[in-house]
Structures are given as structure tokens and as C-alpha cells.
Amino acid sequence: GGLSQNKDAIIGIVNNISAVSEETAAATEEVNASMDEQTRAVSQVAKSAETLNMLSHDLNKQIEIFVI
């Protein structure tokens, strides 16, 4: 009776906690993956900005040739 019901209730609660923990772990992994992707994107933007800066500098040098 009562002991068996308590045992079943405890097992149910532990299973629920386990399921929530697994869902939380999966969500955490997704957040980490998203952060990694954003880090790569920001890094690519920084590299592109460096390239643009170098090209702009080169263009200014080329334009100086025509300035009297």
C-alpha cells in the first residue's frame, strides 16, 4: 500500500528530475554551439575589417599618384 505508493512517487520524481536535467544539458550544448558560431562570425568580421582597412590604405596610395 503506502510504502509502494511512496516508492513509485519517488521513482517518478527522480525520473522527472533526470529528464529535466537531460533537457537542460541539451539546451546548454545548443547555447554553447551558438556561442561558438557567433565567435567565428565575429572573428570573420574582424578579419574582413582588417582586409578592408589594408585595401583602403592601398587605394589611398594609388590615388596619391594622381594628386597634384
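Colleague: How much of the accessible surface of the protein belongs to carbon and sulfur atoms?

Modeller: This is a predicted model. Its accessible surface comes to about 6200 Å², and carbon and sulfur atoms account for 61% of that area.

Colleague: How should I read the radius of gyration of the protein?

Modeller: The value is set against that of a compact globule with 68 residues, which would be near 11 Å. Here the protein has 29 Å. Along the principal axes, the C-alpha atoms fill a box of roughly 100 × 10 × 5 Å.

Colleague: What share of the residues is buried?

Modeller: Buried means under 20% relative accessible area. In this protein, buried residues make up 0% of the 68 residues.

Colleague: Which residues make the nonpolar surface patch?

Modeller: Leu-59, Ile-63 and Val-67 form this patch of about 280 Å². Ile-63 lies in helix 1.

Technical notes: Residues are numbered from 1 along each chain as its sequence is written. This is a predicted model: local features need pLDDT of at least 70, side-chain atom pairs count only at pLDDT 80 or more; totals for chains, interfaces and linings use all residues. Side-chain values use heavy atoms; hydrogens and water are left out. Patches are made of residues with over 30% relative accessible area and no salt bridge: like charges are joined within 9 Å, nonpolar side chains (Val, Leu, Ile, Met, Phe, Trp, Tyr) within 5 Å. Accessible areas come from the Shrake-Rupley method with a 1.4 Å probe; for residues, only the protein chains shown count as cover. A salt bridge is a side-chain nitrogen of Lys or Arg within 4 Å of a carboxyl oxygen of Asp or Glu. Helices (H or I, at least four residues) and strands (E, at least two) are DSSP runs, numbered from the N terminus. The radius of gyration is taken over C-alpha atoms; the globule rule is 2.2 Å times the number of residues to the power 0.38. Buried means under 20% relative accessible area, exposed over 50%, partly exposed in between (1.4 Å probe, protein chains only).
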